[in-house]
Each structure stands twice: as C-alpha cells, then as structure tokens.
Amino acid sequence: MSKFFKRLLNDSSSSDEEERNMWFAAAIEFERQNSQGSGSGDRSSRQYRYRDRVSGHSRLLNDYFVENPVYDETLFRRRFRLSRPLFLRILHTLQQHNDYVVQRRNAANTVGLSGEQKMTAALRMLAYGMSADSLDEYVRIGETTTIECVKRFCQGVVEIFGPKYLRSPNAADISRLLRKANQRGFPGMLGSLDCMHWAWKNFPAAYHGMYTGHVHRPTIVLEAVASYDLWIWHAFFGMPGSNNDINVLDASNLFANLQEGCGPSVNYTIMGNHYNMGYYLADGIYLKWATIVQSISHPQELAHEFFAKKHESYRKDVERAFGVLQARFAIVRGPALFRHHEDLTFIMKACIILHNMIIEDERVDDNGLVAMASGNDEYDSLGTDGPVEVSRDPISFDHFMATNRAIRDSDTHYALRRNIIAHLWTLHGQGVIE
C-alpha cells in the first residue's frame, strides 16, 4: 500500500468507521490496478516455461559428445567452427575460472543448464549470428539467458586466452615470420596491415554522427595485422567509423613496443643495407613511414610492375584473414545487435582469439598434414637459438623521440622500397621467384 493511503488512514478519525473502510477499499483497488502494468519489469506479466533442461542436455551429449555421437567430427567442426577437443579444452578452462559455466542447482533444487548447453548457445550465436530466441527449441535455453551466456563466454575467453592469443610476436614468432618473408622475397616483413568496419545497428542515437563514415551508416573500426597463415597478431578495436585508417593507426598501439624499446629486435639486410625495424605491407592511404611499405599505383618499369604484383598478392593476407574471420563467425559479418560498446569489444576480441586458436589447432605443416596443437607447438616454442634478449630498461625521452622520428621517416620508406624492388627483381632474374 502506498505511503499516501497509509498516512490518510492513520489520520482519519477512528469514530468514522465507514469512511475508513471506503478509503481502505480505494487503496486496495489502486494497488491492484498498478500491479497489472505491462512493463518488462512487471513480475505479474512474466510466465514460467518448463523447458526440461535435463532432456536438452542429454540430447546435446548424445548428438555430439558421447563416444559414438549422432554427428561425427566433420559436422561438429562445421556447426561449432572448431574441433571437439578444442571445444572441451575451452569449456574445461572456463569452468575452472568461472562458476557460471558449471552446472548447478538453483534455490528450488532444480538442475540448471550445463556448461555444454551454455557454450553451445554462445558459439551458435557467434557462428551463425542468429537471434537469441532461435536456440530455445534445441538447447532449451531462454532468450535472456542466451544473451547472458554470450556476454559471459566472450568476456571469459578474452580474460583467460587473450594474453596468449592476442599478444604481440615474441622472438621466436619474429624469427619464423622473417624466415617466411625471406622466402617470399620481402626480407623484414612482419605481416600486412589494414582496417575493417563492423556495422552497428542498435547504436545509441546520440552516437550517429560520430560513428558514421564513408559507408554511410554507423560502424566500429577494427585495425589488424595478419601474417601468411592468417594469424592475427594485432587487433585494435573500438574507434568510431568516422575515422579513416590514418586516424586509427595514430590512436593504436601497433608501434608502442618499438617506440618504448621493449620489443624483440628485428634485424635484416637488403641489397647490402642493414635495417633494425620490421615493416608491414599496406595500401596507399597510409603515410610514407619506414615501418610501412606500400605498392606503386602506376608502375612504369618491369621491376616496379613485378614488385606491385607481389606486394598486392602478399598484402591480401589481412584481407583473407578478415574474410575467414567473418565466414567463421557471422556475428561480425552482419550488423551488431548489442547496444553497449563494451559488449561489442568483448565479442570482436573473442572471435579473433577463437580464430587464432583454430589456426593453431588445425595448422598444416610443410608436408600438407594437419598438425594438432600441443603444448610444444611452434607458436609457443622459443626455437633452437634460445630466447632473444629484450630490453626492459627505461629509456630517455630523447631516445623515445628519436625512435618516433625514425618510424615516421619518409626517406627511409622510399629507400627501403627501392631496395625491396631491386631485391625482388634480382630473385626473379635468378628464377627463385616467378
């Protein structure tokens, strides 16, 4: 009963019993009408649905997780985007760090959803980009619970697996990347750089102008660096779509370790010239920096034409990585339906982490065989030469500014590109690269 009616009844004279009864009846009717609202937070309008979660869990186990499941490994890989061992590895790791994924009983002593059900709902949402309500019939999970599973799953993946699968290349990684770059005729290349826009459908109206750019609808920008095996080494997500690639690069931390002097060293020689900074292949919008090599838009010589052909071919690594990422996880291909920017950040990073985990789990060796991931894989090993010393000492401001100027030196950019052109043309003349 509202405070107004309580005070009114207390102030009424006890002798006027009829008037008190009238006010009491009016108060009851007022409270009854208010309790019949149609808002989403009104408990009286919500209905309980018995979904028989236990049978849903049993059906899911019988379909995919028993010794002789209904659907084999090929169909599991197709529908979950990853192998069954990798699925179970992620599930067990999440269960050790978060009780939300563990099957429990509620206050009514009813068995809740299992970890397999919650992770299946999250992965199906990421893989197919479907609505949360579409999973209710098979997984036996409600719409709001599905959305909560997606958020919890993505946050857990980022927090647990992010330090390993979203890290910068270490000394062993750089050695492997440089070895592959030499085979391609681009010594010193660490990958290719580009940006991707993710459309944002349910954005706050106040952000419309800030997030609308050349695609004429609100988007969020992802800056990424990918290598030859489509592994994404750098992912900077969150800039509004009104920014171009130059603005995004200026705000990202791509060259932070290089500027601070705390990254592994990169040393290589081209045509007798020594360099100590790696570079990335990029398109023509980027500035002429020493760490970015661009193609030649209108080549006039045969050597320049050959360089442009190879450059455009290898620069497509990041484009291919974007295509594979969107093919595996349709949620980042279609418009984003979540409203909060933080949720979208976790979803994008989680998809990239899962993408890298799949590459590690299904990578192909030189003999064309699939080498399953283990604790001794090439992404974790330090190589036969041992670890390379990395400087962790604080640097002076003058050293920081000198490194910053060296990164943005346009003269070094043109000299490096001339040396790469000459190196490629020499290899082509020797028949090493066709």
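Leave aside residues up to four places away in sequence, and L424 touches R184, G185, F186, F306, F307, K310 and I433. A contact here means heavy atoms within 4.5 Å. L424 and K310 are 114 residues apart along the chain, yet their C-alpha atoms are separated by 8.9 Å. L424 is found in helix α16, residues 410-429. L424 is buried, with a relative accessible area of 0%. Buried means under 20% relative accessible area, exposed over 50%, and partly exposed in between, with a 1.4 Å probe and protein chains only.

This is a predicted model, in which local features need pLDDT of at least 70, side-chain atom pairs count only at pLDDT 80 or more, and totals for chains, interfaces and linings use all residues. Residues are numbered from 1 along each chain as its sequence is written, and side-chain values use heavy atoms, with hydrogens and water left out.

Now the whole chain. The protein chain has 16 helices and 7 strands. These are DSSP runs numbered from the N terminus: helices are H or I with at least four residues, strands are E with at least two. Of the 434 residues, 44% are buried. Among contacts between residues at least 6 apart in sequence, 66% join residues at least 24 apart.

Turn to helix α3, residues 53-65. In α3, G56, H57, L60, D63, Y64 and F65 are buried. They line one face of the helix, because seen down the axis of α3 they fall within an arc of 140°. That arc is taken from the directions from the helix axis to the C-beta atoms. Their cover includes α4 (73-80), α5 (84-97), α6 (115-128) and α7 (136-139).

Next come the cores. Nonpolar side chains tend to be buried together in soluble globular proteins. A nonpolar core is a set of buried Ala, Val, Leu, Ile, Met, Phe, Trp, Tyr and Cys residues joined through side-chain atoms within 4.5 Å. The largest has 68 residues, and L82, I90, L126 and F153 have the most contacts inside it. Helix α14, residues 341-362, gives the most to this core, with 12 residues. A second, separate core of 42 residues includes Y275, A290, I292 and F307. F307 is also one of the residues that L424 touches.
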